[in-house]
Amino acid sequence: EDDFQFIRCECCQQESSDLKLLTCLHTLCLSCLSKNQPVGQCPVCQTTISQGNDIPDMDNLLFTNLQARLKVYKKIVNGVDLLCDSCKKAGEFWCFECKEFLCSECFKAHQRYLKDHETKRVVDIRAGSAKDFLEGTRRTSSLSCSNPTHKSHAVSIYCKKCCKPMCCICALLDSQHAAFCDIHSETQRRQEELGTINQELRQRRSNFEAAYAALQGEASRLEEAQREMRELIRRRVEQLVQLLRQAEEELLGLVEARQERGRRELGRELQRVEGVLRRMEAGERLVEKMGLYATEQEVMDMQPFIKGSLEKLQRLQPPVLRDRAQPGDFAECKARLQAL
């Protein structure tokens with residue numbers, strides 16, 4: 001359970017069949033996304049999302065498919081209602097290709113006609129781990145041809161011109177396609193491309209972490225400067241007579257106004273940098289899970305979207321702190337106190 005918490009909605013932490021991948025690389029269920037749509041921000045990192053009724057059309061196929069595959073594994077582990085999908089007898093085998101349970105008799109027929117399909121005994125699957133089961137389903141998952149009439153045909157070719165996988169029939173008969181390559185090479189290239197971008201982001205992340213720490217330190221110094229100045233004002237004003245109470249209030253108001261402005265500016269910067277860090281964490285986690293569990297179909301469907309989001313993160317720059325004014329500049333307050 002702990003290993004696969006990442007497939008839940010990152011807002012409500014519930015499993016859902018309608019998971020959407022945002023451009024900030026966080027995953028929300030359709031319900032949470034609809035609730036946050038009027039706010040216009042991701043509830044995890046506060047990055048701006050589409051307004052109105054626009055819902056991102058990138059389904060998180062990796063997470064939703066993992067949920068479905070894990071449900072089968074849980075069913076096998078629990079051993080409840082394991083019935084043959086053909087004759088409803090006790091299911092003793094599982095076919096990774098057909099995605100069906102088989103009794104011993106149906107298994108014999110299955111092996112006679114579909115002996116190339118990978119099958120395992122239910123007891124063997126139960127004795128293994130969830131990751132072993134997922135790896136088996138990953139190996140048997142196949143890509144589908146981009147031509148809707150050839151959905152059942154095996155896909156082994158990738159057209160670089162169309163940027164789509166296709167079967168041999170499409171490659172031979174359609175003269176518009178060109179610059180073919182092996183589909184496995186293309187999926188491997190896409191995985192490596194994501195890994196390269198992710199590695200570069202890890203290096204850039206240290207810059208954002210340093211900026212975030214500096215902003216936090218600046219915020220602490222701002223609060224300390226405010227505390228010290230308030231204490232000085234109170235100590236001096238308390239020595240004066242009742243006639244100087246109005247001056248005390250004016251000075252306190254001036255300090256509060258200065259600090260509120262600085263606090264708002266720092267708050268916005270902290271929130272922005274924190275949001276970028278969370279997006280980077282989400283990107284690292286998503287690329288990692290793609291490498292571990294994604295099928296070739298999922299890589300083909302999701303990689304361009306994830307790549308675009310990661311490239312946007314690459315273009316972000318951490319805030320420059322050297323030009324920021326130092327907190328606690330109360331020269332005007334001190335001058336007025338001296339005059340008093």
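User: Which residue lies over the face of Phe6?

Analyst: This is a predicted model, where local features need pLDDT of at least 70, side-chain atom pairs count only at pLDDT 80 or more, and totals for chains, interfaces and linings use all residues. Residues are numbered from 1 along each chain as its sequence is written, and side-chain values use heavy atoms, with hydrogens and water left out. A charge sits over a ring if NZ of Lys or CZ of Arg is within 6 Å of the ring centre and within 35 degrees of the ring normal. At 4.4 Å from the ring centre of Phe6, the residue is Lys289.

User: Are the rings of Trp94 and Phe133 stacked, edge-to-face or tilted?

Analyst: The structure holds nine aromatic pairs. Rings of Phe, Tyr and Trp (its six-membered ring) pair if their centres lie within 6.5 Å; planes under 30 degrees apart count as stacked, over 60 as edge-to-face and the rest as tilted. The centres of Trp94 and Phe133 are 6.3 Å apart and the planes are at 45 degrees, so the pair is tilted.

User: How many residues apart in sequence are the parts that this pair ties together?

Analyst: Helices (H or I, at least four residues) and strands (E, at least two) are DSSP runs, numbered from the N terminus. Trp94 lies in strand E3 and Phe133 in helix H5, so the parts tied together are apart in sequence by 39 residues.

User: Is Trp94 buried or exposed?

Analyst: Buried means under 20% relative accessible area, exposed over 50%, partly exposed in between (1.4 Å probe, protein chains only). Trp94 has 5% relative accessibility, so Trp94 counts as buried.
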